Structures are given as C-alpha cells and as structure tokens.
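Dear colleague,

I am passing on the structure we spoke about, together with some notes on what turned up in it. Please keep it open beside this message as you read.

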Amino acid sequence: MTSTQTSPQQWARGMLVPGRAAVLDVESTDLDGSIIEICVLDAATGNPLLETLVDPGDVPIHPDAYAVHGIAPADLIGAPGWSTVHQALIAVTAGRVTLSYNSQFDQGRVLHDCARHSIDPAHLADPEMWGCIMRMRSQAEGTEKSIRLDGGHRARSDAAAARTILLSIAEGPSVPTTPTSHSRL
C-alpha cells in the first residue's frame with residue numbers, strides 16, 4: 001500500500017485526492033475461482049470507471065458462491081471474457097492506487113485470472129499500488145479483527161460500500177463498527 005501518512009485518516013484523505021485512487025470490487029466463481037463481475041469506482045467522486053459481468057469460460061460457479069452473489073451462468077451469456085475486461089481495467093487504474101475492501105482477495109483474483117489467461121497484469125501486480133480499506137478501517141477502529149463490509153455482495157454495491165467506509169475513515173474516528181470474521185466471494 002502506498003502510504004507515507006501516519007494515520008488511517010491521513011491515508012484515506014490522500015486516497016480521496018482527485019485522480020489518486022480507484023475502488024475495485026470483484027465477485028467470483030468461488031473463493032479461489034475466477035472473476036465473474038467487476039466494478040471500479042473513482043475514489044474521489046464515486047463515479048463508475050468500469051462495471052461489467054465477466055465470462056469465466058469453463059470455470060463453473062460454485063453453489064456457495066451463487067448463494068452469496070446470486071450470479072448464475074445464464075447471467076454471463078454475452079459477457080466479455082477476462083482478456084477484454086483486463087484491457088479496460090488496466091486503462092481505468094493506470095496511474096492510480098487500486099483500493100478494495102479486502103485487497104488480498106481482489107488482487108488475488110485479478111492476478112489469478114491474468115495467470116490463467118497468460119496476460120501481463122502490468123501495474124496491478126505491484127502490491128505497492130494496492131490499498132486495503134478493511135485493514136485501514138481496522139486500524140482506525142483499533143481492532144485486529146476483520147470487519148464485514150455488508151455491501152450486498154454484488155461488485156457495484158460492494159465497491160460503493162467500500163468507498164463509503166473510505167469516506168468515513170477520512171472524516172475521523174466515528175467509523176461504524178460491526179466486528180465479525182470476514183470472508184469474501
């Protein structure tokens with residue numbers, strides 16, 4: 001995470017500088033599966049930079065993943081494949097820090113699909129160009145626990161919820177608390 005600031009609040013304020021960062025969320029076929037939906041929002045404005053379903057090819061959607069996000073194979077008919085989506089993702093994140101609520105998960109899925117398709121992940125492979133909103137939220141709240149996002153489990157709603165947490169961190173110590181263990185799809 002690119003941060004020389006000393007507090008979560010300073011970090012969050014830095015990420016909200018126009019053009020500095022983008023908030024990304026993905027939904028996947030399984031916890032260690034392929035991306036089937038992605039959304040990237042401008043961190044400063046909340047405007048969508050990329051939002052699409054993704055055809056995972058021959059990777060099936062695990063029933064447990066479907067139970068969480070509700071994305072069925074039929075929903076993916078006609079969706080672009082990863083190589084097309086990756087080109088757009090590289091374009092909208094170029095020169096920005098990529099933020100996500102659980103960056104280990106989201107970056108992991110991006111790198112997984114790049115490897116699966118033999119695509120250079122470019123700047124998205126650099127862990128210094130990613131920031132974890134959940135980790136900064138935990139620091140702001142003085143806890144070591146992962147805190148559930150409760151964004152709705154679709155890429156757009158989760159990205160918007162993560163951005164709301166980023167805004168709350170930037171405002172100061174009144175970040176809402178809902179400590180639980182966190183798992184992502």
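Ser-118 is exposed because its relative accessible area is 70%, where exposed means over 50%, buried under 20% and partly exposed in between, all with a 1.4 Å probe and protein chains only. This serine sits in the loop between α4 and β5, helices being DSSP runs of H or I with at least four residues and strands runs of E with at least two, numbered from the N terminus. The phi of Ser-118 is near 55°, a positive value in a residue other than glycine. Most residues other than glycine have a negative phi. Ala-122 lies in the loop between α4 and β5 and likewise has a positive phi near 55°, but its relative accessibility of 37% makes it partly exposed. Just after α5, Gly-142 takes a positive phi of about 70°.

Before going further, a word on how to read the values: this is a predicted model, in which local features need pLDDT of at least 70 and side-chain atom pairs count only at pLDDT 80 or more, while totals for chains, interfaces and linings use all residues. Residues are numbered from 1 along each chain as its sequence is written, and side-chain values use heavy atoms, with hydrogens and water left out.

As for the overall fold, the protein has six helices and five strands, which follow one another along the sequence as α-β-β-β-α-α-β-α-β-α-α. Of its 185 residues, 49% count as buried. Residues 24 or more positions apart account for 71% of the contacts with a separation of 6 or more, a contact meaning heavy atoms within 4.5 Å.

Leaving aside residues up to four places away in sequence, Leu-166 touches Trp-11, Ala-12, Met-15, Leu-16, Ala-43, Leu-99 and Ile-133. Between Leu-166 and Ala-12 there are 5.9 Å from C-alpha to C-alpha, although the two are 154 residues apart in sequence.

Ile-133 also belongs to the buried residues of α5, together with Met-134, Met-136, Arg-137 and Ser-138. The elements that cover these buried residues include α1 (8-15), β1, β4 (97-100), β5 and α6. In strand β1 (residues 21-28) we find Ser-28, which is buried because its relative accessibility is 0%, and whose side chain reaches the backbone oxygen of Asp-30 at 2.6 Å.

Asn-102 itself lies in the loop between β4 and α4 and is buried because its relative accessibility is 13%; its C-alpha atom is separated by 8.6 Å from that of Asp-25, 77 residues away along the chain.

Methods. Polar contact = N/O pair within 3.5 Å; in protein donor to acceptor, adjacent residues only side chain to side chain.
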